[in-house]
Amino acid sequence: MDLVEKATDPIIRFSGVHKRFGPKIIYSGLDLDVYPGEVLTIIGGSGVGKSVMLKLLLGLIRIDAGSITAFGEEVTTMAPGPLTGLRKRIAMLFQGGALFDSMTVAQNIKYPMLEHGWGDPASRIERVAEVLEMVGLPGVEHLYPAELSGGMRKRVGLGRAIAVQPDVILYDEPTTGLDPINIRRINGLIRSLQRRLGVTSIVVTHDMDSAFTVADRFAMVRDQHIGYTGTRAETEQSEIPWVREFVVGGKGVLDD
Amino acid sequence: MSQPAWQSWGIFAFFGHLGAMCLLSWRSTIALFRRPFERTALVEQLDTVGIGSIPVAVLTAVFVGMVMALQFSTALKSYGASLYTGSLVSEGLVKELAPVLTALLVGGRVASGMAAELGSMAVSEQIDAIRALGADPVKKLVVPRVLACLIAIPLLTLVADIVGCLGAQLIVMTEVGVTARFYWEQVIATIQIHDLFHGLGKSVFFGYFIAIIGCYQGMTTRGGTAGVGKATTVTVVWVSISILAADYLLTNLFLAL
C-alpha cells in the first residue's frame, strides 16, 4: 500500500481480535498493523470502541479471542512482570489526562519514573523540568491537577506519558474539549515527538482537522473491524462513500 | 463491566460480588508481600481512618455508655440490684456495643469515603492510568486501606471501650450514687482479658469488611459521577449489614471458644 508499510515489519499487530462487553460486540475479527515511526490515526463514529483498542494493547482489558503482538511479543497472555516492561515502552495519554488528584504535577510525572526505576532522584527532578518544558508548561511542578485547566491537564498527562521515553505513545482523543490554541499545541507535540524522537504514535480521534494535521496513515473502525486503512493522501481522495462521508463531514467539526 | 442479565438477579449478583471481593482480598494479600512496601500511603490512610475517626468514635462511645448506664440503673433498681450497673454496662460495652457501634459509625464514614475516592479515580481513568504507568492499583490503593482499617478499627474500639466506661461512670455515680473507686474496681473485676479480646477480635473482622467493601465498590465504579454516588450509598448499606451479620456469627463463634 504505502512506502512505510513495505519498508519495515510492523511494531504492533492486531490479528483476529474479538471483544465484547456483555451483549455488545465491539470487535469481531479486527486486524491492524502499526509500523515503527509512523503516526497512525484511528477514526470512526462515536461508540464504535476506538479507545478500547488502546486499552487492549496495553493489557488493561483482556481480549476474548485473537492475538495482539507488540515488539514481536504476545501481549494478551503476558505475565505481570513482562507486562510492566511493555508499559514502559508503550505509554498512554488518557482522555482527561487522568492525573492523580492527590499528587502535584511533579509527583505525577515522577510516578512512572519511580515505578520503572528510571534514573536517580536528582535526574528525575531534572527530567520533570525537561518534560514540562517540552509540553510548554515550565514551572508548574508544585501545582495540583485541580489548579490546572483542562488543556493544561492534558499536556501534563502527555508529559507524564513521555517521562520514561517510551517507543510508542497512545493518544485517546488528545484534542477533544480543547480550545483551538491548545489543539494546535497538542498536534504540534505529536508531530515533534515523532520527528525528534522517532516515537510511534496511535491517535484515536474524531477531530478530523487534527487527524489530517498529524496522521501519516488512517485506519477506520467500521462494522466491528478495521474497514479501511490508507495514507493521508489516499484518505483525502478516497472514493469509498463512507470514508468520504467521514472525511468531508468531519472536516471543520471540532468535536462529537 | 457489563454482564448477562441473569447475573443481575439478586442471589447471583450476591455471589458474584462475594466472589469478586474474595478475589480482591486474595490479590491484596499477595500484593502485601511484594516489595516495595507502601509506607507513605499506609501512614496517610492511618491518619484518615484512625486519627480522623477519633471524634466520631469518642462521641459515639460516651453517649452509648451514658444511655446504657441510665437504662440499666433504672431497670436494676426494681430488682434492688442497681449497684451492679457498672458490671453489666461495662461488659456490654466491651464485648458488644463498643466494637459494633464504632465499626458502624466509623465504617460508614471511612468506607463511603474510600468508595467515593476510588470511584472518582475509576471514572476519571486514574486507576487505568496507575496500571498503564506500570504499577498495581491493588498494591497502591487497596493494601494500604485494608491494613489501615485492620490496625485502626481495633484501636478505636479500645478507645471506645475506655471512653464508654467513663461515660457510664458519670451516670452510675450520679444515679446510683457509688464512688468512682467502687465503680472502677467493679469494672476491672468484671472485664476479663478474654472479654476484651472478644470485642477487639470482632473489630478486626469489621475493619476488614469496611476496607474491602469500600475498595471493591470504589474500584468497580462505572458510569461517571452518578456511579460514584451509587457506589457510596451501596457501600454504607453493605458495610452496615455485613457488620451486623458478622457480629452475630462471630459472637457465636467466640462464645463457643
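## Chain B at a glance

How many helices and how many strands make up the secondary structure of chain B? In this predicted model, chain B has nine helices and zero strands. If you follow the chain from its N terminus, the elements read α-α-α-α-α-α-α-α-α.

The C-alpha trace of chain B spans about 65 × 40 × 35 Å along its principal axes. Chain B has 257 residues, and 44% of them count as buried. Now look at contacts in chain B between residues at least 6 apart in sequence: 87% of these join residues at least 24 apart.

## Where the two chains meet

Turn the model until you can see both chains. Here 13 residues of chain B are in contact with 19 residues of chain A. On the chain B side, the touching residues comprise five nonpolar, five polar and three charged ones.

## A sheet in chain A

Chain A has an open sheet of four strands, in the order E2-E1-E4-E5, with antiparallel pairing. As a reminder, strands of a sheet pair through backbone hydrogen bonds, either parallel or antiparallel. At the edges of this sheet in chain A are strand E2 (24-34) and strand E5 (73-74), each of which pairs on one side only. Helix H2 (residues 50-57) of chain A packs on the sheet and touches E1, E2 and E4 of chain A. The direction of this helix makes about 115 degrees with that of E1(A).

Let us trace the pairs one by one. E1(A) and E2(A) are antiparallel and share eight bridges. They form a hairpin with two residues between them, and Gly22(A) in the turn has a positive phi of about 60 degrees. Phe21(A) has Lys24(A) in E2(A) as its bridge partner. Strand E1 (residues 12-21) of chain A is also joined to strand E4 (residues 65-70) of chain A, by five bridges and again in the antiparallel sense. Along this pairing, Arg13(A) stands opposite Thr69(A) in E4(A), while Ser15(A) has Ser67(A) in E4(A) as its bridge partner.

In soluble globular proteins, nonpolar side chains tend to be buried together. The largest nonpolar core in this model has 138 residues, and those with the most contacts inside it are Leu57(A), Ile169(A), Leu170(A) and Ile210(B). Helix H4 (residues 85-123) of chain B gives the most to this core, contributing 18 residues.

Which residues does Leu170(A) touch, not counting residues up to four places away in sequence? They are Leu54(A), Leu57(A), Ile90(A), Met92(A), Leu93(A) and Ile202(A).

In chain A, helix H4 (residues 105-115) and helix H5 (residues 121-134) pack at an angle of about 115 degrees, and their axes are 10 Å apart. The crossing of H4(A) and H5(A) is right-handed. From H4(A) come Ala106(A), Ile109(A), Lys110(A) and Met113(A), which meet Arg124(A), Arg127(A), Val128(A) and Val131(A) from H5(A). By class, the residues of this contact between H4(A) and H5(A) are five nonpolar, no polar and three charged.

## Buried or exposed?

Some single residues are worth a visit. Thr85(B) lies in helix H4 of chain B. Is Thr85(B) buried or exposed? It counts as buried because it has 27 C-beta neighbours inside 10 Å, and the cut-off for buried is 20 or more. Leaving aside neighbours within four places in sequence, Thr85(B) is in contact with Ala69(B), Phe72(B), Ser73(B), Leu76(B), Val172(B) and Val176(B).

Asp179(A) is in the loop between strand E7 (168-172) and helix H7 (180-197) of chain A. With 13 other C-beta atoms within 10 Å, Asp179(A) is partly exposed. Asp179(A) and Val168(A) are 11 residues apart in sequence, and their C-alpha atoms are 26 Å apart in space.

## Two residues with a positive phi

Most residues other than glycine have a negative phi. Yet Asp223(A), which is not a glycine, has a positive phi of about 50 degrees. You can find Asp223(A) in the loop between strand E9 (217-222) and strand E10 (225-231) of chain A. Asp223(A) counts as exposed because it has 11 C-beta neighbours inside 10 Å.

Glu125(B) is not a glycine either, and has a positive phi of about 65 degrees. Glu125(B) belongs to the loop between H4 and helix H5 (126-132) of chain B. With 21 C-beta neighbours inside 10 Å, Glu125(B) counts as buried.

Key: Residues numbered from 1 in each chain as written. Chains lettered and ligands numbered in written order. Predicted model: local features only at pLDDT ≥ 70, side-chain atom pairs only at ≥ 80, totals over all residues. Contact = placed C-beta atoms within 7 Å. Nonpolar A, V, L, I, M, F, W, Y, C, P; charged D, E, K, R; others polar. Buried ≥ 20, exposed ≤ 12 C-beta atoms within 10 Å, placed from the backbone. Pairing = 2+ DSSP bridges. Axes fitted to C-alpha atoms, helices over the stretch in contact; angles between N-to-C directions. Core = buried A, V, L, I, M, F, W, Y, C linked by C-beta atoms within 7 Å. Left-handed = near helix turned anticlockwise from the far one by under 90°.
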